[in-house]
Amino acid sequence: MRHLTGLALALAVVLAADLTPAEAAPAKKLLVVSVTKGFRHDSIPTVERVVEVLGKAGGAFAVDYARTDADLAARMTPAALGAYDGVVFASTTGDLPLPDRQGFLDWIATGKAFVGIHAATDTFPGFPPYIAMIGGQFLKHGPQVKVDLLVQDPEHPATKGMASPTAVFDEIYQMKNFDQAKTHTLLALDKHPNEGTPGFYPLAWSREHGKGRVFYTALGHREDVLEADWFKKHLLGGILWSLGAPGTPSK
Ligand SMILES: [Zn+2]
């Protein structure tokens with residue numbers, strides 16, 4: 001019960017946009033993965049720091065890191081994952097050498113959290129079950145551009161209280177292998193990010209993977225986006241939701 005209480009408190013804190021440090025010991029543990037086999041973002045250290053600080057500020061979770069192939073081998077076997085409540089893919093890219101990649105997806109499905117940030121959808125292009133788990137796949141991006149994010153669910157912890165539209169200047173991903181029927185869209189554009197032609201462009205969503213909860217945001221290429229208060233609130237809400245904060249919707 002103490003864990004549930006801690007999460008509920010952390011969620012109340014984030015919804016109030018008050019990130020003052022909590023006294024309680026972290027209730028949950030997340031493994032933050034930043035190994036890359038394709039493009040490597042300079043902003044990865046910022047992603048790591050933002051996630052760690054958000055966990056400490058709300059007292060909801062602590063983090064470990066998997067930054068090398070050796071870390072993946074040691075910490076991501078199904079047995080070793082038992083030490084964690086969830087995993088964050090921090091702009092990972094390419095086909096990561098996990099010791100048991102299907103075992104990892106099966107572990108999430110037992111009721112664990114998966115959080116993907118930015119290039120997490122540019123990961124495991126050669127492993128379709130991962131794409132199905134995260135809910136979409138990076139297709140391409142144009143030049144960095146200012147877009148108006150439209151909130152699709154104002155009640156979800158990842159978007160509650162967020163202005164709609166919210167203007168952001170970032171590298172904006174376009175997706176493939178995204179199925180609106182299998183995801184709960186949280187942020188989207190109603191026009192092409194660079195060309196302005198009308199359309200539907202999902203940029204953040206949640207979904208369930210078995211009993212697990214998956215949250216993904218395509219935003220966060222730029223460090224000034226990662227450091228923005230609205231982004232931190234968006235990310236923390238998504239993390240806490242994925243960790244199963246009580247009183248939150250299941251999608
Ligand atoms: Zn990027």
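Contact means heavy atoms within 4.5 Å. The model is predicted: local features need pLDDT of at least 70, side-chain atom pairs count only at pLDDT 80 or more, and totals for chains, interfaces and linings use all residues. Residues are numbered from 1 along each chain as its sequence is written, and side-chain values use heavy atoms, leaving out hydrogens and water.

View A. Thr-121 sits in the loop between β4 (113–117) and α5 (128–134); helices (H or I, at least four residues) and strands (E, at least two) are DSSP runs, numbered from the N terminus. Thr-121 is buried, with a relative accessible area of 1% (buried means under 20%, with a 1.4 Å probe and protein chains only). Leaving aside neighbours within four places in sequence, residues in contact with Thr-121 include Ile-131, Phe-138, Tyr-173 and Trp-205.

**View B. His-41 and two other histidines.** The loop between β1 (28–33) and α2 (44–58) holds His-41, which is buried at a relative accessible area of 5%. Its side chain makes polar contacts with the side chains of His-118 (3.1 Å) and His-221 (3.1 Å). A polar contact is a pair of N or O atoms within 3.5 Å; within protein, one must be able to donate a hydrogen and the other to accept it, and residues adjacent in sequence count only if both atoms are side-chain atoms.

View C. An open sheet of mixed pairing is formed by 9 strands, with β2 (61–66) and β7 (166–170) as edge strands. Strands pair if DSSP finds at least two bridges between them. Strand β6 (residues 145–151) runs antiparallel to β7, joined by 5 bridges. Val-145 stands opposite Asp-170 in β7.

Conventions: Buried means under 20% relative accessible area, exposed over 50%, partly exposed in between (1.4 Å probe, protein chains only).
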